[in-house]
Each structure stands twice: as structure tokens, then as C-alpha cells.
Amino acid sequence: QSNAPLLQMRGVSAGYGEMLALENADLEIRESEIVALVGSNGAGKTTLLRVLSRLLPCSGEIRYQGRPINGSTPDQVFEQGMVQVPEGRQLFDRMSVQDNLLMGAYHRKNRSEVAQDLERIYGLFPRMAERRKQLAGSMSGGEQQMCAMARAMMAQPRLLMVDEMSLGLAPIIVDQLMEVLLSIRSQGVTVLLVEQDIHLALATADRGYVLETGHIVRSGPAKELIDDPELQKAYLGL
Ligand code: ATP
């Protein structure tokens, strides 16, 4: 099934108790794409990520690498390469950068491969190589975000899901992180970029989905979404 999308959601709904936070969502991610999932606060973006990571039950169908994963556990999808960079980074503050990175590979058995990967990932994140002995909690917000992304890369992701990467960071740092995402993609990793900052996400992504109160209200090539007059009015303050 080499033509199948890497990830496909069909008619997916999920919620908390009586409340549906995601309703009848259709979404597709093809190999090597950067796909943006955008929407305001409370639109349901994190809910969709929880569903993908199998932390929240859902109705409808989710396929990954052509196979249904509705019955899979969070560990199983993680080991198959669906890896999240969580909102708020969630580093081990009192551990070194290097130990944080190694935590990303805790499940991997081949330690010499892990050691090689560590050097490869330091190549992607030279700042982390310089700081490898520093305690993660003592770094700047941008550096912590890089550390979280580097840790996720140590898990050998095939689909990297990045939640609110830009939150609270200066524009120049965000630009650097976006460059890193592009080099991650050039290494063959597919990226789902979840952002409140719709302009920022669409400027880097190939395609996008717009979520509003649990519904996907728009999708398409990122350029078309940026030029969409209704979206400009609703989100871009134009
Ligand atoms: P944010 O960027 O602020 O995280 P979001 O787009 O990720 O927003 P969600 O966190 O998915 O939005 O929330 C969608 C809706 O579900 C919101 O109305 C929220 O209040 C509700 N919600 C989220 N988590 C829970 C929970 N654990 N229990 C009850 N309701 C929840």
C-alpha cells in the first residue's frame, strides 16, 4: 500500500463526557509532507493529537501506514514512529540535555545505533551539542524547545507531531525552529505542525487544516489558505 497516505483519519469524533471536542474529522498526511493543523484556543487541536496518540478513545477510523490503529495502545503507536513533541516541552528539568535526549530512545535496544543517532541529532541541533551537559531546566525557552524536538528525534519518528512549538518564543527563535523542521523533513520525517499562530504555520507547511470548535472547516494547500479572504478576515486580522 505504498500509495496510501502515511496517516488517515475518517469520520473521527472524540470528546470528554457528553461534550464532543472533535466531530467527524477527515484528515490525511502524506509521506514527507509538513501539514499544519491550525485553530484558536480551544478549537480541539490538542484533542486531535490525543486521539492520534491513542490517549483518548474515538469513533471513526484512523489508519497509519495503511493499517487501522484504533485498537493500538499509546506505546504501540509510539514504537511505530508516531512521536509527539508535547506542548510545554515537558523536559526533565534536572537532567542534562544529553540525558533528556537519551530518554527519547529509552525503548530502543540497539545502543550503538542510539549512540550514532545522538551525534546525528546533535548535527541537526548544534546548540544542543554545545549544551549537552547543561541542566535542561536552566536553558532558555527556545533552547528547551530545541531539546524537546531533539529528544523526539531520538525516538526515530516517522511522523513527528509538534504541539504549539512557537508558544511564548521570540520570532527570531521561531524562525530558527522552522528551519530545523525543514531539515527534519529533508531527512525523510513527516511533520504535523499544530499551531495557534495560523500565519506562522501556513508559511512553512505544504498543506493545512483549519479547526473551529471541533470541526475541520477548511483544508488545502497552505498557499491557498493564506490567500483565502474569509480566513484572512477571521484569523489574520486583515
Ligand atoms: P489549546 O491550544 O488551548 O490547547 P486546543 O485547540 O488544543 O486549544 P483542546 O485542548 O483540544 O483545544 O480543547 C477542545 C475543547 O475540549 C475545549 O472546549 C476544552 O475546554 C475541552 N477539553 C479539553 N480537555 C478537556 C478535558 N480533559 N476535560 C473536559 N474538557 C476538555
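Here is a quick tour of the ligand site and the sheet beside it in this predicted model.

A few ground rules: residues count from 1 along each chain as its sequence is written, and side-chain values use heavy atoms, without hydrogens or water. Local features need pLDDT of at least 70, side-chain atom pairs count only at pLDDT 80 or more, and totals for chains, interfaces and linings use all residues.

**Around the ligand**

The shell around the ligand holds 15 residues, and Asn41, Gly42, Gly44, Thr46 and Thr47 come nearest (near means a heavy atom within 4 Å). By type, the shell splits into 4 nonpolar, 7 polar and 4 charged residues, with Gly counted as polar. Helix H1 (45-52) and strand S2 (19-29) each give at least two residues to the shell; H1 has the largest share, with 4 residues. Helices are DSSP runs (H or I) of at least four residues, strands (E) of at least two.

| Residue | Its polar atom | Distance to a ligand oxygen atom |
|---|---|---|
| Asparagine 41 | side chain | 2.4 Å |
| Alanine 43 | backbone | 3.0 Å |
| Glutamine 196 | side chain | 3.4 Å |

Alone, the ligand exposes 620 Å², and the protein buries 63% of that (Shrake-Rupley method, 1.4 Å probe).

**The sheet**

Four strands make an open, antiparallel sheet in the order S2-S1-S4-S5, where pairing takes at least two DSSP bridges. S2 and S5 (67-68) are the edge strands. S1 (residues 7-16) and S4 (residues 59-64) pair over 5 bridges, and glutamine 8 stands opposite arginine 63 in S4.

Terms used. A polar contact is a pair of N or O atoms within 3.5 Å; within protein, one must be able to donate a hydrogen and the other to accept it, and residues adjacent in sequence count only if both atoms are side-chain atoms.
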